[in-house]
Amino acid sequence: MIEYRAIRVALLGAGSVGSQVARLLLEHGDELAKRIGAPIELVGIAVRDLDAKRDVDLPRDLFTADAASLIVSADIVIELMGGIEPAREYVLQAINSGADVVTGNKALLASHGAELFAAAEQVGAQLSYEAAVAGAIPIIRPLRESLAGDRVERILGIVNGTTNFILDRMDSTGATLEDALATATELGYAEADPTADIGGYDAAQKAAILASLAFHTTVPVDAVHREGITGVTADQVESAKRAGYVVKLLAICERLADAESGAEGVSARVYPALVPRTHPLAAVRGGNNAVFVEASAAGPLMFYGAGAGGVQTASAVLGDLVAIARRHVIGGPGTSESTHADLPLLPIGRITTRYSVTLEVTDEPGVLETVAHVFAEHGVSVEQLQQTVEASTGRATLVIGTHEAAESALANTVASLAESPVVASVASVLRIEGAV
C-alpha cells in the first residue's frame with residue numbers, strides 16, 4: 001500500500017476555538033491520520049500577537065505573524081480569525097493558491113459568501129463551514145448534503161446562546177433583561193459588549209447562511225429582517241408564561257408564496273417570538289442552541305446541542321478538516337454550493353403569522369368595541385382576548401391574540417391603535433411562531 005504524504009494544515013487564529021483546534025490536532029494526530037489515510041501536519045499558526053496569552057499551551061515555534069507565507073505552504077487552511085478583513089483576503093489567497101478552506105466565520109460568509117464560493121468553485125477547491133452556525137451542532141452538512149434532495153419548507157432556529165441564556169433566566173427566575181444580562185456576562189455567556197448578541201446581529205448572520213443553504217438561493221445578511229431582545233421585558237415574559245408560551249429569539253427561514261405576485265419566495269428574519277411550551281424549541285435551556293427543520297419528505301427534524309464553546313466548536317472544525325483531508329487522499333474536486341434556485345427574497349411585510357398584542361386602554365364602555373373595530377378594518381381576526389382592570393388608575397390591560405395575519409396588515413393595525421383615543425399605549429407586540 002502506498003502511503004500518502006503528510007497533509008499540511010495552516011491555522012489562522014488561536015483564540016478560544018483556534019487554540020483548541022491546534023491542541024486536538026497535536027494530541028490526536030495519530031488517530032485522525034488513521035481515519036484520513038494520511039498524516040496531518042500542523043505547519044503553523046498565524047496570529048496578530050505572538051506574545052498574547054493563550055487558552056492552551058502550544059509550541060512556540062508554531063506561531064507566526066506572517067499569515068500570507070503560511071497560507072502558500074498549506075494544503076488546507078483553517079480560518080478562525082473572525083471579522084471580515086483580513087479574513088476575506090486570506091481565504092481568497094488560500095483558494096487561489098490551491099488550498100481548501102475550513103472556516104467558522106459567520107460574519108464573513110453572511111456578507112461575502114457568494115464571492116468566496118464562486119472562487120472555490122472556479123478552481124475546484126472545497127470551502128467548508130460547519131462551525132459557522134450553532135457551534136458543535138451538525139446542521140450545515142445535513143442541509144448541504146443529507147437534505148439536498150428534499151424540499152425544506154421552514155427552519156426555526158435558536159442560534160445564539162447568549163440571548164437564549166438571558167431569556168431562559170428571565171423565564172425561570174423572573175429577572176429583568178438587565179439583571180439576566182449581568183449574570184450572563186459574569187458567567188462568560190456574554191461579551192463585554194453584547195450588542196452583536198442582544199441586538200440580533202449574530203443570529204441574522206446565521207439566518208442568512210441557513211436560508212442560503214436550505215433554499216439554494218443566495219441570501220445576503222442585508223436581506224434578513226433583524227430585531228434583537230433589547231425591548232423584551234419581564235412583564236412580557238411573565239405574561240407569555242401565563243398564556244402557555246416562552247419567549248425565544250428565533251432565526252426563521254421560510255419558503256413562502258408571495259400573496260401579491262403568487263410567486264414562490266424566501267423570507268429570512270430574526271426576532272423575539274412566543275413559542276408554545278409544547279414545541280421542542282421551548283425546552284432549549286441555558287446557552288444551548290437548536291435548529292428545527294421542516295422538510296417536505298423527511299418531515300420535522302430537530303438538531304440540538306452546544307451552540308458555542310472552544311472545544312465544542314473545535315469538534316465541528318475538525319469534522320470538516322477530516323472530510324476535506326479524505327478528499328485529498330481519494331481525489332476529486334470540492335463540493336460546490338447549490339445556490340441556483342434564485343428565489344426572490346421577500347420583505348418582512350409579506351410574511352403571515354399569528355400575533356399577541358398588549359394594549360393599555362381606558363376602562364370605559366365601548367373600548368372593546370372600538371379596539372375590535374380597528375382590528376377588523378385592517379383584516380386582522382381576533383382569536384382571543386384577556387382583560388385585566390386596574391381600578392386605581394382607571395386603566396385596563398388587553399392582551400389580544402390574533403389568527404394568522406399578514407405582517408403588513410398587523411403593522412397597519414398597530415399604527416391605528418396607537419392613534420386611537422381609547423388606547424393609552426401599545427405595550428407589546430410579539431409574533432407567535434411554532435404553533436399548530
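Biologist: In β6, which residue is the bridge partner of Val-102?
Modeller: In this predicted model, the partner of Val-102 is Ser-128.

Biologist: What makes β5 and β6 a pair of strands?
Modeller: Strands pair if at least two bridges are found between them. Strand β5 (residues 100-103) and β6 share two bridges in the parallel sense, so they meet that requirement.

Biologist: How do you know that β4 pairs with β1 and with β5?
Modeller: The requirement is again at least two bridges. Four bridges join β1 to β4, and four bridges join β4 to β5; therefore both count as pairs. The strands run parallel in the β1 and β4 pair, as they do in the β4 and β5 pair. Val-9 is opposite Ile-76 in β4, while Glu-79 has Thr-103 in β5 as its bridge partner. From β4 the chain reaches β5 by way of helix α4 (residues 87-96), in a right-handed β-α-β crossover.

Biologist: What makes β3 and β6 the edge strands of the sheet?
Modeller: The open sheet has six strands in the order β3-β2-β1-β4-β5-β6, paired in parallel. The strands β3 (63-64) and β6 (127-128) each pair on one side only. Helix α12 (residues 310-330) lies across β1, β2, β4, β5 and β6, and runs at about 170 degrees to β5.

Biologist: Why is β4 described as covered on both faces?
Modeller: On one side of β4 are Ile-76 and Ile-78, on the other Val-77 and Glu-79, and all of these are buried.

Biologist: Why is Gln-20 called buried?
Modeller: The limit for a buried residue is under 20% relative accessible area. Gln-20 has 15%, so it is classed as buried. Gln-20 belongs to helix α1 (residues 16-27). Beyond its neighbours within four places in sequence, Gln-20 is in contact with Val-56, Gly-310, Val-311 and Ala-314.

Biologist: Is Ala-134 buried or exposed, and how do you know?
Modeller: Ala-134 has a relative accessible area of 1%. Buried means under 20%; therefore Ala-134 is buried. Ala-134 is found in the loop between β6 and α6 (140-146). Its phi is near 65 degrees, a positive value in a residue other than glycine. Most residues other than glycine have a negative phi.

Biologist: Is Asp-342 buried or exposed, and how do you know?
Modeller: Asp-342 has 58% relative accessibility. The limit for exposed is over 50%, so Asp-342 counts as exposed. Asp-342 is in the loop between α12 and β13 (352-362), and its phi is also positive, near 50 degrees.

Biologist: Where in the chain does Pro-86 lie, and what is the peptide bond from Glu-85 to Pro-86, cis or trans?
Modeller: Pro-86 lies in the loop between β4 and α4. The bond from Glu-85 to Pro-86 is cis, with omega near 10 degrees. Most peptide bonds are trans.

Biologist: Which residues have the most contacts inside the largest nonpolar core?
Modeller: They are Val-133, Ile-139, Leu-143, Ile-155 and Ile-166, in a core of 79 residues. Helix α10 (residues 201-215) gives the largest share of this core, 10 residues. Apart from this core lies another, of 33 residues, including Val-17, Val-21, Ile-36 and Ile-78.

How values were computed:
Residues are numbered from 1 along each chain as its sequence is written. This is a predicted model: local features need pLDDT of at least 70, side-chain atom pairs count only at pLDDT 80 or more; totals for chains, interfaces and linings use all residues. Side-chain values use heavy atoms; hydrogens and water are left out. Contact means heavy atoms within 4.5 Å. Axes are lines fitted to C-alpha atoms, for helices over the stretch in contact, and angles run from 0 to 180 degrees between N-to-C directions. Buried means under 20% relative accessible area, exposed over 50%, partly exposed in between (1.4 Å probe, protein chains only). A nonpolar core is a set of buried Ala, Val, Leu, Ile, Met, Phe, Trp, Tyr and Cys residues joined through side-chain atoms within 4.5 Å. A crossover is right-handed if, with the strands pointing away from the viewer, the path from the first strand over the helix to the second runs clockwise.
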